[in-house]
Amino acid sequence: MMAFKNRIIVCWGMGLTQQPNGVDMIREILNILLLKGSIGKPGAGVCPVRGHSNVQGNRTMLIDEKPTKEQLDRLQNYFGFNPPREKGYDVVHAIKAMHEEKAKVLFCMGGNFLSATPDTTFTANAMKKLKLTVNVSTKLNRTHLIHGKESLILPTLSRSDMDIVNGELQIVTTENSMGVVQDSKGILKPVSEHLINETQIVCRMAMATLGDKSVVDWQKYANSYDAVRYAIEQCIPGFENYNVRVRQKGGFYLPNAARDGKFITKQFGDRAPFTLTTVPENKLEADEYMMATTRTHDQFNTTIYGLDDRYRGIKNERRVVFMNPKDIEKAGFKNGHKVDLFNYDDGIERIAPLFIIVSYPIPEKNTVTYFPETNVLVSVNNVVKESNMPASKYVKIKIKKHDPSIYERIIN
């Protein structure tokens, strides 16, 4: 298939990356493309399929628990204060820090932290140890129910709402999966005249806590997204003439190192290096299965709009476990049987009760369930090497006939 082609694009989603060796698998994809000369030319390259601004745009905006010295220096030079230089926590490390009471406050800008994270019971217990939880939200979700000693819910405008500041309709900017930045304007009337946008919430917090001690003109940024974009232009490469370019039809492409022929590495300069990886040794016990979590068609991140999954022919149900027909027969089950799912990583019993078996053409010894219903089975220590992302496509489980008394074990 590939031998006589040189314009090859490899796309992947979290099925590849959410494995213990996920980083190595991407390196092997790069090795193949480099071997074929299929990098840095039209119709060739890598295409990680990931979400729009909540993932792609955050990376571009340098939302990072380990910012580089160069990034921090640019912020210091432009704004005139020295930003903290200590490394922060990624999600998994943050959960552990809460559990160890090293972290005292959780401030969430949107999202549904409890439902999106692994090891639901462990995470919930960690969050209950916090002094304060704050959620800036457009809708209520499960994270609001599990909180620290004090909890605040700060309602805010959504992207689809008209955002009018000082009589002027604001535009926000988004970045799609292909690195294109475009403008976006809300068209709906907000449900309340008292709602303010997320930027104003942050700026008002800064003004209330820092006052005259701050060298940053927070009011300017509260009043105008254009002012925020101008600051981005000064601090982040690739955003030159930001406010003008983003208003052009179709927006603009961000810089792309491969497209520009700049393979910048510490050891090899502008050359792209091949990498060596090892093949993992994957073993399952006779009564174990490999489970991967996935999402349905009627779902956006943790938000579930309906109980149908037209991709896989499921109607009005989410607590299902997809199994190979041979595995179902071998285990003495039948299609439609009710079962409980167990994980025993770290010597801890994790239980996801009452699932329905669905026969499906999936490889033997593999199973698939929906996210976030089975996040409870994903150990906080089951992560991808190097990236430390939860390995939610590599969860060893056992499947047992449903026991109605299982809930007593879960509660106790």
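**Close-up views of a predicted model**

**View 1. Elements that line the second largest pocket.** Helix α7 (120-127), strand β16 (350-359) and helix α13 (406-411) each supply at least two residues of the lining of the second largest pocket. The model is predicted. Helix α7 gives the largest share of this lining, with four residues. The volume of the second largest pocket is about 400 Å³. Its lining counts 13 residues, and those closest to the pocket centre are T121, E349, R350, V376 and I410. Sorted by class, five lining residues are nonpolar, four are polar and four are charged.

**View 2. The open sheet β8-β9-β10.** Three strands form an open sheet in the order β8-β9-β10, and the pairing is antiparallel. Strands β8 and β10 stand at the edges with a single partner strand each, so one side of each has no neighbour in the sheet. Strand β8 (residues 172-175) and strand β9 (residues 180-184) are joined by four bridges. Two bridges link β9 to strand β10 (residues 252-253).

**View 3. Bridge partners and the hairpin turn.** E175 has V181 of β9 as its bridge partner. V180 has Y253 of β10 as its bridge partner. The hairpin of β8 and β9 has four residues between the strands. In this hairpin, G179 takes a positive phi near 80°.

**View 4. Helix α2 and its cover.** Helix α2 spans residues 22-35 and has 14 residues. From its first C-alpha to its last, helix α2 reaches 20 Å, close to the 20 Å expected at 1.5 Å a residue. Which residues of α2 are buried? They are G22, D24, I26, I29, N31 and L33. The cover over the buried residues of α2 includes strand β1 (9-12), helix α1 (14-17) and strand β2 (45-48). After α2 comes G37, and the phi of G37 is positive, near 70°.

**View 5. T133 in strand β4.** T133 sits in strand β4 (residues 132-137). Is T133 buried or exposed? T133 counts as buried because its relative accessibility is 2%, and the cut-off for buried is under 20%. Beyond its neighbours within four places in sequence, T133 is in contact with L106, H147, G148, E150, S151 and L152.

**View 6. A391 in a loop.** Where does A391 lie? A391 is in the loop between strand β17 (366-370) and strand β18 (395-401). The relative accessibility of A391 is 0%, so A391 counts as buried. Setting aside neighbours within four places in sequence, A391 is in contact with Q18, Q19 and P20, and also with N382, V383 and V384. V380 is eleven residues from A391 along the chain, and the C-alpha atoms of these two residues are separated by 9.1 Å.

Methods
Residues numbered from 1 in each chain as written. Predicted model: local features only at pLDDT ≥ 70, side-chain atom pairs only at ≥ 80, totals over all residues. Heavy atoms only, no water. Buried < 20%, exposed > 50% of the residue type's maximum accessible area, 1.4 Å probe, protein only. Contact = heavy atoms within 4.5 Å. Pairing = 2+ DSSP bridges. 1 Å grid on protein atoms, 1.4 Å probe; cavity = no way out; pocket = protein on both sides within 12 Å on 5 of 7 lines; lining within 4 Å. Points joined across faces, edges and corners; volume = space filled by probe spheres on them. Nonpolar A, V, L, I, M, F, W, Y, C, P; charged D, E, K, R; others polar. Expected span 1.5 Å × (residues − 1).
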